[in-house]
Amino acid sequence: MSIPPEALQKVLQEIEMRVMQAQLELTSVRQQIAQKQRDIRLTDLTMKELIDIPPSVGVWEGVGKMFLNVPITSHIARLEKEKSETQDQLEALTKKLNYLETTYKNAKRNIDDILGRSQ
């Protein structure tokens, strides 16, 4: 059973579009993962520095165009919460990366299969 060349060309174009889209999304997700990892490292370093400061000392936290003097313990708690949220986002991005890599590999394999059969 032979597939008409027009149908084969249309299927090939659709698969190529999926490959290109997956490549773009892979690049974007990798950049987002790198940014989240940097954010986590920065938060860790900040918390490490703040833990050495006595709890009686307050820290200045930026709020819009103002600065508020807040207790160091509440600031550390906020940083821990932000780190936890960032780690959750990183986990979700990692899952998305795995999905996109699988999609990309499957689409490339489909192209190879189509080109291998048509020759």
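**Briefing: helix packing and hairpin in a predicted model**

Leu100 touches Ala22, Glu25, Leu26 and Val29, leaving out residues up to four places away in sequence. The structure is a predicted model. Leu100 also belongs to the largest nonpolar core, which has 8 residues.

**Nonpolar cores**
- Besides Leu100, the largest nonpolar core contains Leu26, Val29, Ile33, Ile40, Leu90, Leu93 and Leu97.
- At least two residues of this core come from helix H1 (5-51), and at least two come from helix H2 (72-118).
- In soluble globular proteins, nonpolar side chains tend to be buried together.

**Surroundings of Lys83**
- Lys83 is located in helix H2.
- The side chains of Lys83 and Asp44 make a polar contact at 2.6 Å.
- When neighbours within four places in sequence are set aside, Lys83 is in contact with Ile40, Thr43 and Asp44; of these residues, Ile40 is a member of the largest nonpolar core.

**Strand pair**
- Strand E1 (residues 58-63) and strand E2 (residues 66-71) run antiparallel and are joined by 6 bridges.
- Trp60 has Asn69, in E2, as its bridge partner.
- The two strands, E1 and E2, form a hairpin with 2 residues between them.
- Gly64, in the turn of this hairpin, has a positive phi of about 65 degrees.
- In a regular strand the side chains alternate between the two faces of the sheet.

Definitions and conventions. Residues numbered from 1 in each chain as written. Predicted model: local features only at pLDDT ≥ 70, side-chain atom pairs only at ≥ 80, totals over all residues. Heavy atoms only, no water. Core = buried A, V, L, I, M, F, W, Y, C linked by side-chain atoms within 4.5 Å. Buried < 20%, exposed > 50% of the residue type's maximum accessible area, 1.4 Å probe, protein only. Helix = DSSP H or I, 4+ residues; strand = E, 2+ residues; numbered from the N terminus. Contact = heavy atoms within 4.5 Å. Polar contact = N/O pair within 3.5 Å; in protein donor to acceptor, adjacent residues only side chain to side chain. Pairing = 2+ DSSP bridges.
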